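Please look at the model below before reading on. The notes that follow cover the protein core and the contacts with a DNA strand.

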Protein chains: 2
Amino acid sequence: MPTVSSEELATAAGVNSAKLRKDFSYLGSYGTRGVGYDVEYLVYQISRELGLTQDWPVVIVGIGNLGAALANYGGFASRGFRVAALIDADPAMAGKPVAGLPVRHTDELEAIISDNGVSIGVIATPAGAAQQVCDRLVAAGVTSILNFAPTVLSVPEGVDVRKVDLSIELQILAFHEQRKAGEDSPSPAAPAAAARSGAGVRSSASRKGPDGDVPAVMPA
Amino acid sequence: MPTVSSEELATAAGVNSAKLRKDFSYLGSYGTRGVGYDVEYLVYQISRELGLTQDWPVVIVGIGNLGAALANYGGFASRGFRVAALIDADPAMAGKPVAGLPVRHTDELEAIISDNGVSIGVIATPAGAAQQVCDRLVAAGVTSILNFAPTVLSVPEGVDVRKVDLSIELQILAFHEQRKAGEDSPSPAAPAAAARSGAGVRSSASRKGPDGDVPAVMPA
DNA sequence: ATGCCTTTGTGAACGCGTGCACAAAGATGG
DNA sequence: CCATCTTTGTGCACGCGTTCACAAAGGCAT
């Protein structure tokens, strides 16, 4: 029976072994003292807890470059996700195959959602269409939305939204890059907080703020 | 002079106003008591600290769907990033314009990096090519890498790597979705830790682990 | 069966970030 | 010029997650 010790896993993952054991204990995963964890059983337990053993039908709305990239992304299937449909507003796209699936028109959105029991939707549309698509997804029964459009979505209570901003990661890199270069720190105490923040990815909506939205770089 | 109070900003962002003030104090940003923060000055200070006022030339390697999507992403320019070049290994792609830029062949990688003083590279290649591309980028002088390929990259000390796994966000949504549905909790105490973890995005390499890499869902 | 060795599971301490609460500072009006 | 009001900046305390350290437990060899 192949096993792993918490120490091995911790070293490989670069974390503390005690933390790892404590986390596992929350899962109810039981290892064997003096031996370690049964790899197969452990993988199964974690997979189940994370929902990897379930089948999650998802729809991708907006089949531009990004939508197509997502549709082709291999990582989904192995994690329990199944692309139920690709949806685009452009009639010219309808029927055209992308990643082996025919693109469906937005008109069919509601029917697709309900027919497949989809509860997770991915929005890869331009910013302008995102909120509208979001509203339709929610109305059709979707309760979790992954948003790639550069907009903050407003959703009713009970709906989860996660926003992926492709430029944020790049910005974090640039932030560190900046500190590497200028050792003559431009500001006193390094705001480690700034890099961490993220200010809560959860949608806190409240569209009112003093100025419209995220301010562009000021012209100095 | 347009100003904002920490309270206004905090409400808009959905965070505590004291925390916001404390964070600002690390930046050395001084507000005016009884009035608030000068919007213009504040924006400038934050932009500068975050590196938004600098010009960051970046190269994108691997111009498939994802690479093209990144090249077309509008959010980069406004955050100080400038796409210096798009690079692909396919000779057929060479010269073909994507997002207004001609695709360059991989052979030119080193020259492009040094000519433009590029210190940040984006990898959007298939998993198989990622490490190789990474090595060449690092050798050419790149010190920060944003990796979209589903592989853990090994890099020498001093090089920052951030990995973006497009399916992780989806997985987090599925995790919460699972708890929404099954109120009859399948496991005792909810491991809030599991959803948070991320286990440190920093590259901790150490390619040795008991089994190859991330285990696929076990066949139950 | 007994003793030793390994590794788990967890109680307790530590450290850190968040939030509270208030004194100091500046504006504003009389 | 003084009183009052608003809002900043921050010391302090609370709470939570991480880490330490160790007793308990199981395997294994003799």
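**Core and DNA contacts**

The largest nonpolar core holds 52 residues, and A:Leu70 and B:Leu70 have the most contacts inside it. Such a core is a set of buried Ala, Val, Leu, Ile, Met, Phe, Trp, Tyr and Cys residues joined through side-chain atoms within 4.5 Å, where buried means under 20% relative accessible area (1.4 Å probe, protein chains only). The model is predicted: local features need pLDDT of at least 70, side-chain atom pairs count only at pLDDT 80 or more, and totals for chains, interfaces and linings use all residues. Residues are numbered from 1 along each chain as its sequence is written, chains are lettered from A in the order in which they are written, and side-chain values use heavy atoms, without hydrogens and water.

**Around A:Leu70**
- Apart from neighbours within four places in sequence, A:Leu70 is in contact (heavy atoms within 4.5 Å) with A:Ile60, A:Phe76, A:Val122, A:Ala124, A:Phe148 and B:Leu166.

**Surface near DNA strand C**
- There are 22 residues around DNA strand C (a heavy atom within 4 Å), and A:Ser6, A:Arg21, A:Tyr37, B:Lys22 and B:Arg33 come nearest.

- An N or O atom in the side chain of A:Arg21 lies 2.8 Å from a base nitrogen of DNA strand C.
- A polar backbone atom of A:Gly34 is 2.9 Å from a sugar or linking oxygen of DNA strand C.

Note on methods
Polar contact = N/O pair within 3.5 Å; in protein donor to acceptor, adjacent residues only side chain to side chain. Buried < 20%, exposed > 50% of the residue type's maximum accessible area, 1.4 Å probe, protein only.
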